[in-house]
Amino acid sequence: MLQRRTFLQGAAAAGVLGLSACATTGVPSKARVLVVGAGYGGATAAKYVRLLSDYQIEVVLVEPNSAFVSCPISNLVLGGHRSLEEITTPYDNLVRRHGVRLVRDMVSRIDPAKKVAVLASGPTIAYDKLILSPGIDLMFDRIQGLKAAHDSGQILQAWKAGPETLALRRQLEAMPDGGVFAMTVPEAPYRCPPGPYERVCQVADYFKRAKPRSKVLLLDANPDVTSKGPLFKKVWAEQYKGIIEYRPQHKAVAVDAKTKTIKFEVNDDVKADVLNVLPPMRAGKIAVDTGLANANARWCHVNFLNFESTAAKDIHVLGDAIQTAPLMPKSGHMANSHAKVAAAAVVAELRGWPVNPAPMLTNTCYSFVDGKNVIHVASVHEYVPAEKTFKTVAGSGGVSSGPNELEGIYAWNWARNIWADSLA
Ligand SMILES: Cc1cc2nc3c(=O)[nH]c(=O)nc-3n(C[C@H](O)[C@H](O)[C@H](O)COP(=O)(O)OP(=O)(O)OC[C@H]3O[C@@H](n4cnc5c(N)ncnc54)[C@H](O)[C@@H]3O)c2cc1C
């Protein structure tokens, strides 16, 4: 603890964090991995670099938030089935049990040539390897009027769980019975393919209990439901008949917060009482600013063996920020899986060991269609050397036959397990 305090106090005093970490001669005696972002990818990577290096590699983790708030399960906060406290985990164990050096700050700039990162508060941190898992940024500029509507609190997204999740819940609570909740979905790829479809189930479930004359409109830019389509559509037709209306091929292009109107590329305008407008997404700003978003200027291409950016050496990018392999979702489970492959590769490279030539990834996404019943989609992904990408293993995974309570129990335990795996 004393050592940790000295590190931070000394750094603040000098305005510099760790000047001596850069490896100049092969394997550094005391290597430093800098992890940027302590969400699903970054928190897992920080812990696993410590574990897999037998606590020999120093890990500095930079994150602005005081605690981890999970997006998975956050739709249940909107539905009124869980509280924000239940989906929040402190970072204490990463520090206390695993010796991760946590710096509460933002990385404002990365210099890949000098191998240093600059914190928003001023100090710089040198690194041997940088693991970047900054999640997504919402591209507000793609929908006219949305940035101002968001900043004034009138039209929310709640696509990063936290205070905005509670603010959207309050809007639903304040809505009169008989009102309309309208949600838009951007064209794929976006964070969490089934997330919007789960969200409308949660809102409809709340309306059924508290405001039975109210309606949910789901306006999707995609030609069809992008995940678990037949399952969700069956739930909407049976459990939420007359409440949820699904309209595909509705690409939102503008909003008017004053009249609570959404404008579309080709369809008629839609007015509603509560608007939840999701714009297109891209890799978190720091990845874009560092020049790593080399796929359509939105996502980061990586070498799938070690998750190293194809644009910068010794920077490994994980999670939602990457240009995914075929059928690889932008999910928390997948970010956690990426993190373990990347952590193992980073440790191997710093130690001069061979990198695992055959990494595997897994994914499961559970969706709550009400307070108890759940449907899932699962897959296993293997690295295919000939194509230098991950592909799903034939016959692996699949989807539920229908919503059921047993999977509701699995889903909650999945969440508790992955939080423990990343943070405990
Ligand atoms: C409503 C909803 C439901 C979802 N449900 C599921 C589900 O059931 N199952 C599932 O697997 N996935 C689910 N997801 C998706 C999941 O949340 C994301 O895929 C996952 O969070 C991606 O992890 P990440 O590490 O890439 O990003 P994040 O978890 O968002 O972490 C990014 C972190 O980086 C930090 N950061 C950003 N920039 C900087 C910087 N410059 N300096 C320092 N720190 C920075 C941020 O503060 C943040 O903590 C859901 C998402 C939503 C929105």
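A salt bridge here is a side-chain nitrogen of Lys or Arg within 4 Å of a carboxyl oxygen of Asp or Glu. Asp224 and Lys233 meet that rule, with their closest N and O atoms 2.7 Å apart. Please keep in mind as you read that this is a predicted model.

**Confidence**

The protein chain has an average pLDDT of 94, and 93% of the residues score at least 70. Residues 1-28 need some care: their pLDDT stays under 50, and the model has 45 contacts for them beyond four places in sequence.

**Charged pairs**

Side chains of opposite charge can pair when their charged atoms come close. By the rule above, the model holds 22 salt bridges. Three of them are set out here.

| Salt bridge | Closest N to O distance |
|---|---|
| Arg32 and Glu58 | 3.3 Å |
| Asp224 and Lys233 | 2.7 Å |

Let us begin with Arg32 and Glu58, whose salt bridge spans 3.3 Å. This pair links distant parts of the chain, since Arg32 sits in strand 2 (residues 32-36) and Glu58 in strand 3 (residues 58-62), 26 residues apart. Both partners, Arg32 and Glu58, are buried.

Arg169 and Glu173 are placed in another way: both belong to helix 6 (residues 163-174), and they are 4 residues apart, about one turn of the helix. How exposed is each partner? Arg169 has a relative accessible area of 14%, so it counts as buried, because the cut-off for buried is under 20%. Glu173, with a relative accessible area of 41%, is partly exposed.

Back to the pair from the opening. Asp224 is partly exposed at 36% relative accessibility, and Lys233 is partly exposed too, with a relative accessible area of 35%. Elsewhere, salt bridges that share partners join Lys115, Lys129, Lys313, Asp314 and Glu349 into one network.

**A histidine in helix 5**

His150 is found in helix 5 (residues 146-151). Its side chain makes a polar contact of 3.1 Å with the side chain of Glu164. Setting aside neighbours within four places in sequence, His150 touches Phe140, Ile155, Leu156 and Gln157 as well as Glu164.

Across from Ile262 stands Val270 in strand 17.

**Backbone details in the loops**

Pro189 lies in the loop between strand 12 (180-185) and helix 7 (195-210). The peptide bond that joins Ala188 and Pro189 is cis, with omega at about 5°.

Gln249 is not a glycine, yet it has a positive phi of about 55°. You will find Gln249 in the loop between strand 14 (244-247) and strand 15. It counts as exposed because its relative accessibility is 51%, and the cut-off for exposed is over 50%.

Leu327 is not a glycine either, and its phi is positive at about 65°. Its place is in the loop between strand 22 (315-317) and helix 10 (332-351). With 68% relative accessibility, Leu327 also counts as exposed.

Technical notes: Residues numbered from 1 in each chain as written. Predicted model: local features only at pLDDT ≥ 70, side-chain atom pairs only at ≥ 80, totals over all residues. Heavy atoms only, no water. Helix = DSSP H or I, 4+ residues; strand = E, 2+ residues; numbered from the N terminus. Buried < 20%, exposed > 50% of the residue type's maximum accessible area, 1.4 Å probe, protein only. Pairing = 2+ DSSP bridges. pLDDT = per-residue confidence, 0-100. Contact = heavy atoms within 4.5 Å. Polar contact = N/O pair within 3.5 Å; in protein donor to acceptor, adjacent residues only side chain to side chain.
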